[in-house]
Amino acid sequence: MRHHLLSIVSLVALAAPGAALGQVSNPGLSEGEMGSDIVVTARRREERLQDVPIAVTAVDSAALDSRGLDNVTQIGQIAPNIQFTPGQGGNSGGIAPFIRGVGENDFIITSDPAVGVYMDGVYVARTFGATTELLGIDRIEVLRGPQGTLFGKNTVGGAINIVSAIPGQQQRIEADLRYGSFNTVRGRVYAEMPLSGDWSLGVAALGEFGEGWQKVPSGENLGNRNVVAGKLSLHKSGPLDILLMVDGLHRRQHSAPHSMIAFTPTLLSTLQSTLIGPCCTVPGDIDRTDTTPSLSKDNTDAINAALTLTADLGGATLKSITAYRYVDALFGRDGDASSQVNYAGDIHDENAQQISQEFQLALDLGGRGSLLLGAFAYQEIARDNTRLVVADGLYDALVAAGLDPLDLGIPGVDPIPAVALDLNIDFRNRQKTRNLALFANGNYELTDKLSVELGARYTWERKNFSQAAIRIYSRQPLLAGTRSYSQEKSWDAFTPRASLSYKFRPDFLAYASYSRGFRSGGFNGRPTSLEEVGSYDPEHLTSYEAGLKMGFGRIATINFAIFRNEYRDQQILISTLSPSSGLIVVRNENAGRSRIQGIELEGTFRVSPQFTFTGALGLLDAKYKEYVSVINGVPTDVSSRKLKQAPDITANASAIYQTPLIDRLEGIFRVDAAYKSAVFVDTENTPLLRQPDHAIINASAEFRLTGSGFSIRAGVDNLTDKRIITAGYDASTSFGFTEAYYNPPRRYSITLAYRH
């Protein structure tokens, strides 16, 4: 730890000479928190947030820094009707957002996100390779509802657009050093500098190291931090604007924290305890577990590059975005909470390479509107090598004990061949995805106050999937008589959009919109019997939305939206028991119809020159209208279930007080609270995996030395030490245990920062 701390201090010290080049005045609070205008690119052009007839939440860099947010997942504390689930399978880097009850938290390569994540206009398919913690992020935009007519890759539930700062001709430097609970230290630097001619350079670097909060008696803690990342931006301004961005990530950590919260003996665990070793003991504390080192992995290497060319054609602008993303990840989890036996766990070796090309032609319509024409091509080649560990050694123990086959002594029940209990399996999954799309979006002012917007998209997508699955010890195929198989399927869809907006006055906008979204189908990547091999259908979402955006000078800003989503063939991730193999099956299936409707309210209020209050409220009414699932081989009506990760109420509030303290010293004191009503975190609505209603409270005090660019911030996250389940997995009917992921405990930190 001392070595890491010295390295980061040296990194920040390298930035110090820039302080002698000049000084800037106190930057103050963020534009959004002061009620001023924020410029966004939600419609692929720069415009005021309050002029965009879409439900958008924008968080700029100053707001991120003031709140002390670590990464993009924490904007769930700011925007209504949005939440993030942690990366499951032991991976801590995944970004799994749910917007208005629409989302996907499965990490397998056969599953696509329902909410699109875009880094500087580039779609990110495998988010555990995204670098979102660097300095130099200009803003994060959360667009709620389908956005297929504006973005290259189709998105059904919404879009999260992460926009980096573009280097300019002014020298700029930012650096911060933070030390916090669990001996966590993080150093970050971002610098911009002009080069010769119209060229400029931006460089960002990050290093973070920490011990982790979930204690492991036999080894090192889970949830530790060991990350190095960097980014380089090269920009040339002019009639042909050139922007090259390259970033990389290197992560070497232990598994993300996870807890076995309940255990009931089953036939499998009884055999484990009798023939191999005792299993299983539930840890008495969610902050403590145990693990086998070979399964405790959270490693990722990623490199990403994007070249954006923008040509001014006079009355039209042509943009090309060429991107390549590569991620290689190794992550796992030990489900039995023991370092002595391997009763349940898995390890995943995933690799994905994607390349995309997008063209945009923006046309000016005589000063009264604009038209965006786009074409998009995308290809991803992904592999997933997964080793499933279940009752490791049981097969050999059964054979050695002469229990092949195993006679349970139950009348009418046939003896079980030992090979059927060899549940240690190597999966080799491969998938190639190709996506082509044409899209258009135009807006036109019919009068000085009334505007119309029309958009359309055509999407075609093909997937080729292959799998081989072998039982490790018996060397027999998992699927009887089938060592490997391949599948191929394609889907297409036409998705339109239309809206009307009316400006009662320059800062009072009313709008109504209609849009459709599409997510292509896929294949079951975890079949445990031949009857489970197959595909699931695409899903379609129709969204109706109306809203108001109201500004009252620098006193207040209030945005209101009401919406209704009609879901057809919603893709549902479920866990069930295979009647033929006895193994738990995690697969996607389609619910016939769902309905999600709700209200969103966001506001910023400047109570006095020193005191600002911001808040947001999201109300959600989500239900299945038709949903029949196959449970133990029997079609069953489960439409009474609640949608996972779709709480009835989400709300947040921030109180910020900014005041001079003494000469050249200014203080900013803030309290942030985020509330969420009770919700189930799994599709099956497992009672043990019900997240209760709760509020998370953060507080901080920041002191700025005016005119110098230096500041120091002391903060506490999760002030009341509220612990709640954020994701989970119920295997009680097969393996006997229920597993959960919890939010981190109370954490303290102190940050020294410099902005010039």
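Trainee: What makes the charged end of K153 count as sitting over the ring of Y378?
Mentor: This is a predicted model, and in it the charged end of K153 is 5.9 Å from the centre of the ring of Y378. The cut-off is within 6 Å of the ring centre and within 35 degrees of the ring normal. The charged end of K153 is therefore said to sit over that ring.

Trainee: Which ring has the charged end of R723 over it?
Mentor: The ring of W213, with the charged end 5.0 Å from the ring centre.

Trainee: Why is the pair of Y123 and Y378 called edge-to-face?
Mentor: The rule gives 17 aromatic pairs. For Y123 and Y378, the ring centres are 5.8 Å apart and the planes stand at 80°.

Trainee: Why is the pair said to tie together parts that are apart in sequence?
Mentor: Y123 belongs to strand 8 (residues 122-123) and Y378 to strand 20 (residues 369-390), so the pair links parts that are 255 residues apart in sequence.

Trainee: How do you know whether Y123 and Y378 are buried or exposed?
Mentor: Buried means under 20% relative accessible area. Y123 has 4% and is therefore buried; Y378 has 5%, so Y378 is buried too. Y118, Y123, F151, F376 and Y378 form one aromatic cluster.

Trainee: What makes F669 and F703 an edge-to-face pair?
Mentor: The distance is 5.7 Å centre to centre, with 80° between the planes. An angle over 60 degrees is what the label requires. F669 is in strand 34 (residues 665-676) and F703 in strand 37 (residues 694-705), so this pair ties together parts 34 residues apart in sequence.

Trainee: Why is F669 called partly exposed?
Mentor: Buried ends at 20% and exposed begins over 50%, with partly exposed in between. F669 has 31% relative accessibility, so F669 is partly exposed. F703 has 29% and therefore gets that label as well.

Trainee: How do you know that strand 33 pairs with strand 34?
Mentor: Pairing needs at least two bridges. Strand 33 and strand 34 are joined by 12 bridges and run antiparallel. S654 stands opposite D672 in strand 34. The two strands form a hairpin with two residues between them, and R664 in the turn has a positive phi of about 70°.

Trainee: Which other strand is joined to strand 33, and by how many bridges?
Mentor: Strand 30 (residues 611-626) is joined to strand 33 (residues 649-662) by nine bridges, again antiparallel. There, T612 has I656 as its bridge partner.

Trainee: Why are strand 4 and strand 6 said to stand at the edges?
Mentor: Three strands form an open sheet in the order 4-5-6, with antiparallel pairing. Strand 4 (82-85) and strand 6 (102-103) each have a single partner strand, so one side of each is left without a neighbour in the sheet. Strand 5 (residues 96-99) pairs with strand 6 over two bridges, and the cut-off is at least two. F98 stands opposite G103 in strand 6.

Trainee: Is each of them buried or partly exposed?
Mentor: N183 has 28% relative accessibility, so N183 counts as partly exposed. N718 has a relative accessible area of 4% and is therefore buried.

Trainee: How do you know that the protein chain agrees with a compact globule?
Mentor: For 756 residues the rule puts the radius of gyration near 27 Å; the protein chain has 26 Å, so the value agrees. Buried residues make up 58% of the 756 residues.

Trainee: Which residues have the most contacts inside the largest nonpolar core?
Mentor: That core has 38 residues, and L268, Y343, L421, F735 and F737 have the most contacts inside it. Another core lies apart from it, with 22 residues, among them L69, V72, V124 and A130.

Definitions and conventions:
Residues numbered from 1 in each chain as written. Predicted model: local features only at pLDDT ≥ 70, side-chain atom pairs only at ≥ 80, totals over all residues. Heavy atoms only, no water. Phe/Tyr/Trp six-rings, centres within 6.5 Å; stacked < 30°, edge-to-face > 60°. Helix = DSSP H or I, 4+ residues; strand = E, 2+ residues; numbered from the N terminus. Buried < 20%, exposed > 50% of the residue type's maximum accessible area, 1.4 Å probe, protein only. Core = buried A, V, L, I, M, F, W, Y, C linked by side-chain atoms within 4.5 Å. Rg over C-alpha atoms; globule rule 2.2 N^0.38 Å.
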